[in-house]
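Here's a quick walk through one protein model, from its overall layout to its cores and charged pairs. Have a look at the structure first, then read on.

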Amino acid sequence: IIPILDDGLVAGNCSMVFEGESGDLVLYVSPSGKPKGCLLRPDDFVRVSSFNREDWSVSFSSRSEGEKPTSDTPLHYSALIDWDKHGFKDRPCVAIHAHALATGYGLEAAKHAGIPISDKETLFSTREDLDALEKLFREHPSASCYIRKGHGFILLAKDIRHATHYFNTVLEPLIVASRNVCPRAR
């Protein structure tokens, strides 16, 4: 149900955070670009050790040579590692991001469903994009899902089961409905 881009890759990504042996949080992010129909395997995930806002860089390691984290890593890092800076009551451990419900009928449907939406569009995976998302976090700390206008949704959950349930019951119907309303190319 996650959209497919013109290059045939899935238009979305996900991340999970775990507590390490020393009590620190360890972030795993899906790789940049995944072909349609290919399931993510544990070896596909990239371990992110840090994100530097000043020089907009990510330190990471991966098991597969050449595998790098999604360009949306700053969004995932902020949501799952810097979660306590946003006023969240509980720490989310899973984040799912997809380039859906960002425009048109999908955006309107999400608005009617009560999902917080940013005021303006920005370029993807930029400082402005992250700032707009973090503003949503601070303004709606108890929400489960947020939409970056023009970019897509980011769903936060305490575990995979809760993320799947929210996606299946709230987001998937909105995505399907928006596809049924949009005019098809002929």
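## Charged pairs

A salt bridge here is a side-chain nitrogen of Lys or Arg within 4 Å of a carboxyl oxygen of Asp or Glu. Keep in mind that this is a predicted model. With that cut-off, a search of the whole structure turns up eight salt bridges.

Take Asp-129 and Arg-148: they form a salt bridge whose closest N and O atoms sit 2.6 Å apart. The two residues are 19 apart and link distant parts of the chain, with Asp-129 in helix α3 and Arg-148 in strand β6. Are they buried or exposed? Both Asp-129 and Arg-148 are buried.

## Lys-135 and its partners

Lys-135 shows up in two of these pairings. It forms a salt bridge with Asp-119, where the closest N and O atoms are 3.4 Å apart. Asp-119 is in the loop between α2 and α3 (127–139), while Lys-135 is in helix α3, so this pair ties together parts that are 16 residues apart in sequence. Lys-135 also forms a salt bridge with Glu-139, this time with 3.6 Å between the closest N and O atoms. Here both partners belong to helix α3, four residues apart, or about one turn of the helix.

What about exposure? Asp-119 counts as exposed because its relative accessibility is 62%, and the cut-off for exposed is over 50%. Lys-135 has a relative accessible area of 36%, so it is partly exposed. Glu-139, at 46%, counts as partly exposed too.

There's also a network of salt bridges that links Arg-53, Asp-131 and Glu-134.

## Overall layout

Zooming out, the protein has four helices and seven strands. Starting at the N terminus, the elements go β-β-β-β-α-β-α-α-β-β-α. The protein has 186 residues, and 44% of them count as buried.

As for the surface, the protein exposes about 10,400 Å², with carbon and sulfur atoms supplying 51% of it.

In soluble globular proteins, nonpolar side chains tend to be buried together. In this model, the largest nonpolar core has 23 residues, and the members that touch the most others are Leu-101, Ile-115, Cys-145, Ile-147, Phe-153, Leu-155 and Leu-171. At least two residues each come from β1 (12–19), β5 (94–98), α2 (104–112), β6 (145–148), β7 (152–157) and α4 (160–181). Which element gives the most to this core? That's α4, with six residues.

Setting aside neighbours within four places in sequence, Cys-145 is in contact with Ile-115, Pro-116, Phe-153, Ile-154, Leu-155, Tyr-166 and Leu-171.

## Cysteines

How many disulfides does the structure hold? The count is zero. Cys-14 has 17% relative accessibility and Cys-93 has 15%. Buried means under 20%, so Cys-14 counts as buried, and so does Cys-93.

Conventions
Residues numbered from 1 in each chain as written. Predicted model: local features only at pLDDT ≥ 70, side-chain atom pairs only at ≥ 80, totals over all residues. Heavy atoms only, no water. Core = buried A, V, L, I, M, F, W, Y, C linked by side-chain atoms within 4.5 Å. Buried < 20%, exposed > 50% of the residue type's maximum accessible area, 1.4 Å probe, protein only. Contact = heavy atoms within 4.5 Å. Disulfide = S-S within 2.5 Å. Areas by Shrake-Rupley, 256 points an atom, 1.4 Å probe, with all protein chains shown as cover.
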